[in-house]
Amino acid sequence: MRRVALLVSLALVLSATPAAAQGVAEPLFDTFNFKFEASWVVTATTIRLDSEQLGKGTTLSFEDDLGLPDKEFVPSLSFEWMAGRRHRLGVRWQDVNRDSTTQVLEEIDWGGEIIPIEADVTLGFDIRTLSVDYTYYPWVKEQWAGGVGVGFRIMALRTILTVDNIELEGQIDGTAPLPYINFEYRRVLGERWRVKAQLGWFELTYGDIKGGQYIGRLAGEYITSRRWGFGVALNYSNVNVDWRNIDSVGDDKLTAVIDLDINDISLYFRVRW
């Protein structure tokens, strides 16, 4: 009975103690944190490779026309640093590698090269993304904060198309810098739950690249202790790009017209301090 009474007294003391004293200090923000994510990625890729001399090529859905898997399980990593009460720097990295082998059902014009019906096509398509964003929070309250900032997403694409074991000359292989404006809202629910919503958008013309992107994120997290937390996040991303001079076949310059959706559901584990 004495042990039971001691446990009941301890529970009452903890329930009346502020979150900071329990080791869940500053649940709205972390000074530093690393996040390890297991991401179920769903993609939709539409690409047309145009020839400067021959005109528009065939618009292809890599998933529907060339059998590329539209779902992939990949790891993702991210880091955040609060440089003061109102300034946050965030970084996120993700690498999606896919390949397929299929027999085409219609004639395809790929950068001026004709792929005949019933040809055996092998496709490799890699997407590597590194996002860096800065957010300033003009509104910081006890239970919620709102911020605005800028971000920069570096997207590296690599496409290798092989027809009947012969690799085609026209390929997509390059890195696109894609900036965006970022809006964020976060809120604590009780002492251990917090939610975060983000929205990013921008369109620009930079050198040979013209395009835009939309980014959305909704995450909920449970803070288990002063050093640990876990949660689930929904991530949305759409990129549409006209990318001139991406490759050449002899004297012919190629332009890639890309519409790319990368969406994922991520379960994550966070190390915080």
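Q: By class, how many nonpolar, polar and charged residues are in the lining of the second largest cavity?
A: Its lining has four nonpolar, two polar and seven charged residues. Here Ala, Val, Leu, Ile, Met, Phe, Trp, Tyr, Cys and Pro count as nonpolar, Asp, Glu, Lys and Arg as charged, and the others, Gly among them, as polar. Please keep in mind that this is a predicted model, where local features need pLDDT of at least 70 and side-chain atom pairs count only at pLDDT 80 or more, while totals for chains, interfaces and linings use all residues. Residues are numbered from 1 along each chain as its sequence is written, and side-chain values use heavy atoms, with hydrogens and water left out.

Q: How many cavities does a search of the whole structure find?
A: Rolling a probe the size of a water molecule over the atoms shows where empty space is left. A cavity is a set of points, on a 1 Å grid over the protein atoms alone, where a 1.4 Å probe fits but cannot get out; lining residues have an atom within 4 Å of a point. A volume is the space filled by probe spheres set on the points, which are joined across faces, edges and corners. In this model, three cavities of 30 Å³ or more turn up.

Q: Which strand gives the most to the lining of the largest cavity?
A: β4 gives the most to the lining of the largest cavity, with six residues. Strands that each supply at least two residues there include β3 (71-82), β4 (87-103) and β7 (120-140). By class, that lining divides into eight nonpolar, eleven polar and nine charged residues.

Q: What volume does the second largest cavity have?
A: Its volume is about 100 Å³. Of its 13 lining residues, Arg186, Arg194, Lys196, Glu221 and Arg270 are the closest to the centre. β11, β12 and β14 each supply at least two residues of that lining.

Q: In which sense do β3 and β4 pair?
A: Two strands pair if DSSP finds at least two bridges between them. β3 and β4 pair in the antiparallel sense over seven bridges, and Met82 stands opposite Arg88 in β4. The two strands form a hairpin with four residues between them, and Gly84 in the turn has a positive phi of about 100 degrees. β4 also runs antiparallel to β7, joined by 17 bridges; there, Ser100 stands opposite Leu123 in β7.

Q: Does Gln94 count as buried or exposed?
A: Buried means under 20% relative accessible area, exposed over 50%, and partly exposed in between (1.4 Å probe, protein chains only). Gln94, in strand β4, counts as buried because its relative accessibility is 7%. Val74, in strand β3, counts as buried too, at 5%. Of the chain's 273 residues, 45% count as buried.

Q: Which residues does Val74 contact beyond its neighbours within four places in sequence?
A: Contact means heavy atoms within 4.5 Å. Val74 is in contact with Glu37, Ala38, Ser39, Val41, Gln94, Asp95 and Val96. The C-alpha atoms of Val74 and Val96 are separated by 6.7 Å, although the residues are 22 apart along the chain.

How values were computed:
1 Å grid on protein atoms, 1.4 Å probe; cavity = no way out; pocket = protein on both sides within 12 Å on 5 of 7 lines; lining within 4 Å.
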